[in-house]
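Work through the exercises below with the sequence and the model side by side. Try each task before reading its solution.

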Amino acid sequence: MSDTLLKIENLSVSFSGFRAVSDVNLEVEKGKIHVIIGPNGAGKSTLMDLITGKTKPTEGKIIYDGVDIAGKEPGHIASKYKIGRKFQGPNVFDNMTVYENIEIALKGYTSIGKAFAYRRTDKVKEKIRKILEQIQLYEQRDMMATELAHGQRQWLEIGMVIAQSPELIILDEPAAGMTDVETYKTGELVKELAGKHTLVVIEHDMEFVEQIADTVTVLHQGKVLAEGTFQEIKENKEVIRVYLQDENGEGF
């Protein structure tokens, strides 16, 4: 049995003649954390849009667990293939409590029929409790989402993604705008999710990438520039030149 959950083959997409993603090939192993980095405009978010069906590819394949999902509808991809995505900004229900946000994200609430049939059983309450403890928000369960700090709101949305029981979780800059302490806690949460879930993470914070990454892929101008461990990427001269060097021309 293959250890590859997601295999992207010669994937490209063009917008009015501009190739935002160009002949991308990469593989994501089951249970691992695969981080995508690169300069702004490198095609990172577009690649995630292609995987989740938000954008249709011009050419290429997206093989997910042996099935080509390229071009399928987003709702179909999310539900049938169990792919969950968290965008950069926290997207939560501000007029609900932390507990209610997790509750509404559960799979039993994903259709009108199921919503009417829904009951807050002991099994449901136990699942919500475990998720709240996992994202370190159990003590805040009765707070309104608007009362949470920025980092806590990010964790809440990660919890909402977890509640949908995805096999693949896509996180778009989960550490954006966080304090150093929040960033570290987020990294530990992401590592805890690995194994049970497979994760693809877009990130700019190199310390965070070092904390979590099993494999790092660098995109540049829509193409794969390099791939390897964090240490290999950190020492790659071409990656340093186009992305990692600071104002003094030195690497991370």
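The model is predicted, and local features need pLDDT of at least 70, side-chain atom pairs pLDDT 80 or more, while totals for chains, interfaces and linings use all residues. Residues are numbered from 1 along each chain as its sequence is written, and side-chain values use heavy atoms, without hydrogens and water.

**Exercise 1.** Give the strand order of the open sheet and find its edges.

Solution. Helices (H or I, at least four residues) and strands (E, at least two) are DSSP runs, numbered from the N terminus. Two strands pair if DSSP finds at least two bridges between them. The order of the six strands is β6-β7-β8-β3-β9-β10, and the pairing is mixed. β6 (83–86) and β10 (223–228) each have a single partner strand, so one side of each lacks a neighbour in the sheet.

**Exercise 2.** How do β7 and β8 run, and how many bridges join them?

Solution. β7 (residues 168–172) and β8 (residues 198–202) run parallel, joined by five bridges. In this pair, D172 is opposite I202 of β8.

**Exercise 3.** Is helix α3 mostly covered or mostly uncovered?

Solution. Buried means under 20% relative accessible area (1.4 Å probe, protein chains only). Six of the eight residues of α3 (residues 98–105) are buried, namely V98, Y99, N101, I102, E103 and A105. Helix α3 is thus mostly covered. Its buried residues pack against α5 (122–134) and α6.

Technical notes
Buried means under 20% relative accessible area, exposed over 50%, partly exposed in between (1.4 Å probe, protein chains only). Contact means heavy atoms within 4.5 Å.
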